[in-house]
Amino acid sequence: MGPSKLDLLQGTLDVMVLQTLETMGSLHGYGIARRIEQVSGNQVLLNQGTIYASLVRLQQRGWISAEWGMSENHRKAKFYSITKGGRKQLAEDAAYWLRLSGVMGRVLAMQEGGGKR
Amino acid sequence: MTSFRKSVHVFVARVLNFCRERQLDSDSTRELESHLQLHIDDNLRAGMSPKEARREALLKLGGFEQARQYCRDQRAFPFFEPFLQDLRFTFRSLRKSPGFTTVAILTLALGIGANTAIFTLINQVLLRKLAVRDPQQLVAFGDSIFGGIAGGIDLGGFGGYFPWDFAWQLEENPGPFQGIGAYGSFSSKVTVGQATAASSAEPSLLATASLVSGNYFAVLGAQALLGRTILPSDDATPGSGAVAVVSYHFWRQSLSSDPAIVGKSITINGVPFDVVGVMHEAFYGFKQELEPTDLWTPISMQPAVLQQPTMLVPHSGLYFLHIFGRLSPQAATSKSAFAESQNWLNQQVRLGIRANEGGSITPEREREIEHVSVPLVPAAHGVSLIRSQYGDSLKILMAVVGVVLLIACANLANSLLARGATRQREIATRLALGSSRARVVRQSLTETLLLSAVGSVLGLGLAFAATRALIAFVSQGKADITMSPAPNLAVMLFTLSVAFVTALLFGVAPAVIFARIGHRGSLNSSARTAQGGGGRSSRFWPKTLVTAQVMLSMLLLIGAGLLLRTLRNLQDQDYGFERTHLLLANFDESLARYQPHQAPALHQLLLERLSAIPGVRSVALSATPPISDGAWSSNISPAGYTPAPKENMVSILNRVSGKYFETAGISILAGRPITAADTASSLKVAVVSESIAKRYYPLGQAIGRNLTIGIDSVRGPWQIVGIARDTKSGNPRNTDPVRMTYIPLAQIDLFVPDQPGTPTSTANARPIAREENHDCYAGTILLRTTGDPAKTVADLRAAVAAIDPNLPLLDVKTIQDQVSNLIANDELISALMTLFSLLALLLAAIGLYGVMSYNVVQRTTEIGVRIALGAQLRTVLWMILRESLILLVIGVGLGLPLAVAATRGIRNQLFGLSAIDPVTFVSAIAVVSAIILLSTWLPARRATRVDPVVALRYE
């Protein structure tokens, strides 16, 4: 059970990171983490360290690129931006998640409706 | 597809990461530090205290080290990590015992190197297929290994030799075959010159030329690299078609890789030929001889290439071609279709024989003809002299080196067991600390794999050197470019798998035994006694391995003994001529453009000048040396003897100058030898061997009788004036006396005598267009010297060059070299076999010594107690010795039947002794016993010196 749960989490986190970079442009790891927390209305209890695992993973697949630069308050930070391949992947993944959430919604609704005995 | 590409991408990225892990690790550390800093900045801005800000940031990150580890895991191969740990651990532990490591690696390098070397040769000699299209469809017609020109034989009755007209007929009508081609059964030396440099000052070079049919290349399915191959139109008319295809190596070395060579002209034996093509590098022709073919020319040019009268007439009676065919695809795969092809060929051969013999064939002869068959021999590998000579030896050697490697494995397994026993506590600790048993086994296998990997790398190097030496030996000093010591892919794969299997063989047993140690839980301090006292079962494996080693090394010793004695028998037999102080040189007058009628003057000059060389006792010329692998032979008819029907009347012939018998050291038993006084103008005389005299004139009346020879050019009659001792003139393994007829070189007619009724002389009434007699040529110079014949070589060359600088001395060697070339195969295999069996014996001795020493160390306490309780030293000594005596007896007992079975396999290689030669068996057992006892004696003596006080103090 454990690993499949982790896979799902991994998958979602990667999409979240890609989407964040797609909308926000170039961003450092901390910025990405904060952005995701804000967007989710602090509903996700994010272990920020896992963001970095996700970043390494996405970089290995060639979906994001990285570069050292200066943050707005003059701190050195590594900035990530989405690549062309990453945009393509994001489009695919977004479609998949939307379809999945739609299906899940319908399935759960059906269970509620037909659940009377 | 994309998901595959993605995983490749990820894999490559991870491998790259793996290589610069350190750099990436520091990069991610800096990144995480910057993350914390940014977070702390925010928190401070939100009004937290610096301490609180830092705590909150770290908490959110989920710990700094944890985050670093996430990245690390993501970057590399997590499953790799334990393996790397194993490897690091192995390196450390091997470095700690450099003695064991060195011995193990050297043992493996020797074992794997020997296997690789022999396999490199096997791969090239036995396994390599011809570099042509569908080689598995090729078949040779009969035995095509040897070559020559034969006369007066049946088609198919004499190996695989065929006359020109029969081959031509099959080429035109290949029946069920896709094609049938022919080639000269031997390649010959020719002089090649540049046609443009017409001046004779340009030194011409010697090359090897092969005659091939017009469809030879087409049937083989071989394409030219440049230009074209020889075509049927080239070979259509005897005497025309002066074209040549050259080999890649000849093109590179002698034609300086001239890219525009095609269309240029060269001369072969003075006759201009057009070069029409260059073959690929990997093409050596269908038949590979010791010296690779440089040029291929159409059979139609035979008179120019062989410098002999034409053989390209119907019913010439001369058999000089080999034939091969390409089976139909069905016949190559189905047995019945193959049988059909075979039947068709037999029909053709029988028709050919009937046509040859003309009208009246007796019913008896007809029945014989009905049984004539020429077998189709699969020839995907082509035909190779080296393969036929050395193939069996290589197979034997492969088995031998395999056995050596097995013995090496047993040794290493034993060493590892011993090491494992001393490492028991370490392993027990690891198991107790939660290491899995699989991990312990894996650790041990990592160790053996690492050892065998290093060993095989060294082994490859050793093999390269060894193979080079072996190839030099096999090709008898001729620059053989068809074999190379460089390992190819197949050899690499072989070595890799040998290394892997070796590692498993010597690694698995100890590994499993280590892992089992955990059951006993020997974490207590008495690990030593547990092993020493109750360890009877723990000594089972080492003992079994030593017994196997005894068995195998005895097997090898017996094999080596048999082969060594074979070689001794071959060398020590009576050859009938003197085998010391004799120098032989091959020369070829026809290549230096001497016409046969000019030969006698040259011979006279040679004899005079060479006898003036200091240290030369006598000089003679002859067609062939006293012993050689080629022979000039014919039927003879001794006057007054009526042969039985079908009686074999063949005698080997030699034409010799005066002093031949004196020079060669062949004694004359009766009458007189051939002398310088036997000249063209005196009575034609002959000397025959004892075997001829006894066979045809059993009452001793041979001298004074006449004898005629079945070859027109030297028909005779010759009057027998002397009887010479029997000599071995060919294969040293042949024990039957060889029939020899010697005739004086000076008495051979300069022109082929007219034979009444032969078509050649009746057709043309041209006056004195007589054919010169090529049998006037000598071919061998013999020098009997007072000192070391090898020291006369330079003088000989100088003297010949002084007579005619263009007269090529092809080969100069002593009679010992000549004999040893004929038994080269036996020399090679017995030398290597002895080497390998001594190596095996050494390994077995080291193994036993190791096991016994270890036993003594393990039993120190026990021995101490025994001595303290009053045991006699002799009893202790006997106790230790008895143990290995039992091993010895079991090993020999199991090894003997194995040896009897195995030596049957090398029966064909033996000479002058049986496969169960008692002398060899007894000596091998004695040697093995002596070595085993010696390697036990040393530790046993040490055991008797155990001081009981010291031994017991440990308890």
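What follows is a set of questions about labels, with the value and the cut-off behind each.

Reader: What kind of model is this, and how are its parts numbered?
Author: It is a predicted model, in which local features need pLDDT of at least 70 and side-chain atom pairs count only at pLDDT 80 or more, while totals for chains, interfaces and linings use all residues. Residues are numbered from 1 along each chain as its sequence is written, chains are lettered from A and ligands numbered from 1 in the order in which they are written, and side-chain values use heavy atoms, with hydrogens and water left out.

Reader: Thanks! What makes up chain A, in helices and strands?
Author: Chain A has four helices and three strands, in the order α-β-α-α-β-β-α along the sequence. Both are DSSP runs numbered from the N terminus: helices are H or I with at least four residues, strands are E with at least two. Chain B has 30 helices and 26 strands.

Reader: Why is A:Gln89 called buried?
Author: Buried means under 20% relative accessible area, exposed means over 50%, and partly exposed is in between (1.4 Å probe, protein chains only). A:Gln89 has 14% relative accessibility, so it counts as buried. This residue is in helix H4 (residues 84–113) of chain A. Leaving aside neighbours within four places in sequence, A:Gln89 is in contact (heavy atoms within 4.5 Å) with A:Leu18 and A:Trp63.

Reader: And how much of each chain is buried?
Author: In chain A, 36% of the 117 residues are buried; in chain B, 51% of the 955 residues are.

Reader: What makes B:Ser256 exposed?
Author: Its relative accessibility is 61%, so B:Ser256 counts as exposed. B:Ser256 sits in the loop between helix H9 (248–254) and strand E8 (265–268) of chain B. Its phi is positive, about 45 degrees, although it is not a glycine.

Reader: Which label does B:Ser257 get, and why?
Author: B:Ser257 has 24% relative accessibility, so it is partly exposed. It lies in the loop between H9 and E8 of chain B, and B:Ser257 too is a non-glycine with a positive phi, of about 50 degrees.

Reader: How do you know that B:Arg252 and B:Ser257 make a polar contact?
Author: A polar contact is a pair of N or O atoms within 3.5 Å; within protein, one must be able to donate a hydrogen and the other to accept it, and residues adjacent in sequence count only if both atoms are side-chain atoms. The side chains of B:Arg252 and B:Ser257 come to 3.4 Å, and their pairing is a polar contact. B:Arg252 lies in helix H9 of chain B and is partly exposed, because its relative accessible area is 45%.

Reader: Why is the pair A:Glu37 and B:Lys60 called a salt bridge?
Author: The term asks for a side-chain nitrogen of Lys or Arg within 4 Å of a carboxyl oxygen of Asp or Glu. The side chains of A:Glu37 and B:Lys60 meet at 3.6 Å, N to O, and so form a salt bridge by that definition. Between chain A and chain B the count is four salt bridges, along with twelve residue pairs in polar contact (both at pLDDT 80 or more). On the side of chain A that touches chain B, H3(A) gives the most, with nine residues.

Reader: How many residues does the contact take, and what area is buried?
Author: There are 27 residues from chain A and 26 residues from chain B in the contact. The buried area, meaning the accessible area (1.4 Å probe) that two parts lose on being put together, summed over both, is about 2400 Å², with carbon and sulfur atoms giving 54%. In chain A, the residues that lose the most area to chain B are A:Tyr30, A:Tyr52 and A:Gln60, together 30% of what that side buries.
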